[in-house]
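Dear colleague,

Please find the structure below, with the sequence alongside. A summary of what was found follows it, arranged by element.

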Amino acid sequence: MTILDSSAIERVFREEYGRSVAVLVRHFGDIDVAEEAVQDAFIIALQRWPSAGLPPSPAGWIIATARNRAIDRLRREASREDRHAEAVRLYGSSDSADEEESEGAVRDDRLRLIFTCCHPALASSAQSC
């Protein structure tokens, strides 16, 4: 196990970044997901490789790590809406329920009659109470 300097990692980045992104774009069909995953993989490489040394296949390591990061991200995003809906259902605030009621139909008959009588579409003579 040899100690690795940052110039070797920079060289791997220059040589393998484009190919790694291309492989992941082909796999996931999304360039943003692929680029972010490859960038995350190189961040991990910067943390691990200086002490652990260069892996036998740096390109393979980057692609495998990036693929795993992309899968984790996509799984996290896929379950986000479900988790948010469940949280609202369980811990929904009473304010949101009050807002929904206030935006709906008027439940008081007398108040509804007042609103109907004062509607601007009615002639002024018909509005007098």
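**Findings**

Leu 46 is partly exposed, since its relative accessible area is 47%. This residue belongs to helix α2, and a kink of about 35° is located at Leu 46, shortly before the proline Pro 50. The C-alpha atom of Leu 46 lies 9.3 Å from that of Glu 10, although 36 residues separate the two along the chain.

**The model as a whole**

Please note that the model is predicted. Its mean pLDDT is 82, and 84% of the residues score at least 70. Confidence is highest in α2, with a mean of 92, and lowest in helix α4 (residues 94-103), with a mean of 53. I would ask you to read any view of α4 with that mean of 53 in mind.

The secondary structure consists of six helices and zero strands, giving the pattern α-α-α-α-α-α along the sequence. Of the 129 residues, 21% are buried. Among contacts with a separation of 6 or more, 59% join residues 24 or more positions apart.

**Helix α2**

Helix α2 covers residues 31-52, a total of 22 residues. At 1.5 Å a residue it should span 32 Å, and its end C-alpha atoms are 30 Å apart, so the two values agree. At the start of the helix, a side-chain oxygen of Asp 30 comes to within 3.0 Å of the backbone nitrogen of Asp 32. At the other end, α2 is followed by Gly 53, which has a positive phi near 95°.

The buried residues of α2 are Val 33, Ala 34, Ala 37, Val 38, Ala 41, Phe 42, Ile 44, Ala 45 and Trp 49. An α-helix has 3.6 residues a turn, so residues three or four places apart point the same way. The cover over the buried residues of α2 includes α1 (6-28) and α3 (58-91).

**Helix α1**

Helix α1 also carries a kink, of about 50°, centred on Glu 16. Its buried residues are Ala 8, Ile 9, Val 12, Glu 16, Tyr 17, Ser 20, Val 21 and Leu 24, and they pack against α2 and α3. Just after α1, Gly 29 adopts a positive phi of about 75°.

Ser 20, in helix α1, counts as buried because its relative accessible area is 1%, under the 20% cut-off. Its side chain reaches the backbone oxygen of Glu 16 at 2.7 Å. Leaving aside neighbours within four places in sequence, Ser 20 is in contact with Val 38, Ile 62 and Ile 63.

**A threonine in α3**

Thr 65 lies in helix α3. Is Thr 65 buried or exposed? With a relative accessible area of 14%, Thr 65 is buried. Its side chain reaches the backbone oxygen of Trp 61 at 2.8 Å. Neighbours within four places in sequence aside, Thr 65 touches Ala 41 and Ile 44, both of which are listed among the buried residues of α2.

In soluble globular proteins, nonpolar side chains tend to be buried together. Here the largest nonpolar core has 18 residues, and the members that touch the most others are Leu 24, Val 38, Phe 42, Trp 49, Ile 62 and Ala 66. Helices α1, α2 and α3 each supply at least two residues of this core. The largest share, eight residues, comes from α2.

Leu 24 illustrates how the elements meet. Not counting residues up to four places away in sequence, Leu 24 touches Gly 29, Ala 34, Ala 37, Val 38, Ile 63, Ala 66 and Arg 67.

With kind regards

Definitions and conventions
Residues are numbered from 1 along each chain as its sequence is written. This is a predicted model: local features need pLDDT of at least 70, side-chain atom pairs count only at pLDDT 80 or more; totals for chains, interfaces and linings use all residues. Side-chain values use heavy atoms; hydrogens and water are left out. Helices (H or I, at least four residues) and strands (E, at least two) are DSSP runs, numbered from the N terminus. The expected span of a helix is 1.5 Å times one less than its number of residues. The bend at a residue is the angle between axes fitted to the seven residues ending there and the seven starting there. Buried means under 20% relative accessible area, exposed over 50%, partly exposed in between (1.4 Å probe, protein chains only). Contact means heavy atoms within 4.5 Å. A polar contact is a pair of N or O atoms within 3.5 Å; within protein, one must be able to donate a hydrogen and the other to accept it, and residues adjacent in sequence count only if both atoms are side-chain atoms. A nonpolar core is a set of buried Ala, Val, Leu, Ile, Met, Phe, Trp, Tyr and Cys residues joined through side-chain atoms within 4.5 Å. pLDDT is the predictor's confidence in each residue, from 0 to 100.
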